[in-house]
Amino acid sequence: MSEPLFRRVALIGIGLIGSSIALNIKASGLAGHVAIATRRRETLDKAEELGLGDSYHLEASEAVRDADFVILCVPVGICGAITREIAPHLKQGAIVSDVGSVKGAVIAQMAPHLPEGVQFVPAHPLAGTEQSGPEAGFVELFHNRWCILTPPEGTDPAAIAKVETFWQACGANVETMTAEHHDLVLAIVSHVPHLIAYNIVGTAADLEEVTQSEVVKFSASGFRDFTRIAASDPTMWRDVFLTNRDAVLEMLARFSEDLATLQRAIRWGDGDALFDLFTRTRAIRRNVIEAGQDTAKPNFGREPAGGAKPGQ
Ligand SMILES: NC(=O)c1ccc[n+]([C@@H]2O[C@H](COP(=O)([O-])OP(=O)(O)OC[C@H]3O[C@@H](n4cnc5c(N)ncnc54)[C@H](O)[C@@H]3O)[C@@H](O)[C@H]2O)c1
Ligand SMILES: O=C(O)C(=O)C[C@]1(C(=O)O)C=C[C@@H](O)C=C1
């Protein structure tokens with residue numbers, strides 16, 4: 001049997017993303033040992049019950065000891081504090097990575113704590129669901145999805161190549177870009193759409209007199225898709241908006257301008273303007289499907305580790 005890519009991988013945080021990575025490591029034999037760390041005993045017990053790793057730790061500093069690959073799979077707001085905690089225990093030559101949905105702020109939080117001789121290769125798999133926790137993971141999550149690497153200047157190319165190989169083995173297509181570019185693009189394709197979903201569901205819920213039970217009763221319509229997105233993890237998304245503030249506000253300003261244009265078209269009965277936009281957006285949807293990036297039913301027919309099917 002060939003040598004695994006890494007001798008010991010430490011996963012700090014074992015929610016949807018951490019558990020999906022753990023399942024991939026196991027399925028593809030990517031590590032000799034998987035050490036899992038999380039703060040809460042209950043979550044750690046669940047991870048052990050699901051057999052996601054080889055050793056289980058309440059202290060991240062214990063999990064990273066002797067690890068050659070460490071991945072932070074926690075909400076972006078705590079990446080800095082965890083890095084400070086694990087830094088003195090990292091092995092020389094170890095590669096440290098993360099999976100955070102925001103890159104600039106995560107790099108700014110983590111990099112200052114990392115000792116010399118440790119390589120930092122930040123990553124973001126563009127794959128997820130509205131589910132969270134260790135039972136939510138499933139092995140196909142990253143298959144045919146993008147994983148973006150944003151290595152700071154000066155990172156050892158061999159470390160970048162190793163992280164790329166890791167994500168490819170998880171089924172992802174890997175692309176490298178700057179953290180700034182990542183944060184701007186993700187603001188419009190992921191962060192603002194989530195804000196819109198949170199907002200529309202919140203507005204409907206506030207209009208209790210009109211909607212009351214109707215929100216639930218008639219949500220087989222387009223609204224149902226928004227409720228799925230708006231069910232996403234509150235801690236994760238609070239941190240995303242607080243840490244990608246500038247890019248989100250910039251995209252939101254542009255979005256608001258375009259919304260005002262639509263409002264005007266409706267007010268003045270400008271059917272052509274509406275028809276033209278809807279025709280353009282329909283074509284975009286077709287391109288998305290053809291590119292195999294359909295997220296409307298991300299996990300249709302697949303069973304996550306804990307049984308519940310996401311995306312329904
Ligand atoms: N959910 C998605 O769609 C998605 C997709 C791509 C990337 N991400 C990113 O991945 C990261 C994890 O997201 P997730 O969806 O797996 O979240 P999750 O809520 O399912 O899991 C987060 C895990 O972090 C751990 N954790 C939380 N606070 C901790 C602390 N103080 N110390 C140690 N461990 C702690 C827990 O094990 C928890 O289970 C986030 O940074 C998120 O931005 C999420
Ligand atoms: O499909 C979903 O439920 C997701 O929200 C996944 C999604 C996205 O916006 O596409 C969410 C956050 C991530 O950082 C990456 C992927």
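**A predicted model, from sheet to ligand**

Six strands make an open sheet with parallel pairing, in the order 3-2-1-4-5-6. This is a predicted model, where local features need pLDDT of at least 70 and side-chain atom pairs count only at pLDDT 80 or more, while totals for chains, interfaces and linings use all residues. Residues are numbered from 1 along each chain as its sequence is written, and chains are lettered from A and ligands numbered from 1 in the order in which they are written.

Colleague: Which strands are the edge strands of this sheet?

Modeller: Strands here are DSSP runs (E, at least two residues; helices are H or I, at least four), numbered from the N terminus. Two strands pair if DSSP finds at least two bridges between them. An edge strand pairs on one side only, and that picks out strand 3 (55-57) and strand 6 (119-120).

Colleague: Which residues of helix 4 are buried, and why are they on the same side?

Modeller: A residue is buried if 20 or more other C-beta atoms, placed from the backbone, lie within 10 Å of its own. In helix 4 (residues 79-86) these are Cys79, Ile82, Thr83 and Ile86. They share one side of helix 4 because the directions from the helix axis to their C-beta atoms cover an arc of only 100 degrees.

Colleague: How far apart are the C-alpha centres of domain 1 and domain 2?

Modeller: The protein chain is divided into domain 1 (6-178) and domain 2 (181-290), with bounds from an automatic or database domain assignment. Their contact (C-beta atoms, placed from the backbone, within 7 Å) takes 15 residues from domain 1 and 17 residues from domain 2. The C-alpha centres lie apart by 30 Å.

Colleague: Where does ligand 1 lie?

Modeller: Look at which domains give residues to the shell around ligand 1. Both do, so ligand 1 lies between domain 1 and domain 2.

Colleague: Which helix gives the most residues to the shell around ligand 1?

Modeller: There are 27 residues around ligand 1 (C-beta atom, placed from the backbone, within 6 Å), and among those that come nearest are Gly13 and Ser132. Helix 1 (16-28), strand 7 (123-125) and helix 11 (234-243) each supply at least two residues of this shell. With 3 residues, the one that gives the most is helix 1.

Key: A residue is buried if 20 or more other C-beta atoms lie within 10 Å of its own, exposed if 12 or fewer, and partly exposed in between; C-beta atoms are placed from the backbone. Two residues are in contact if their C-beta atoms, placed from the backbone, lie within 7 Å.
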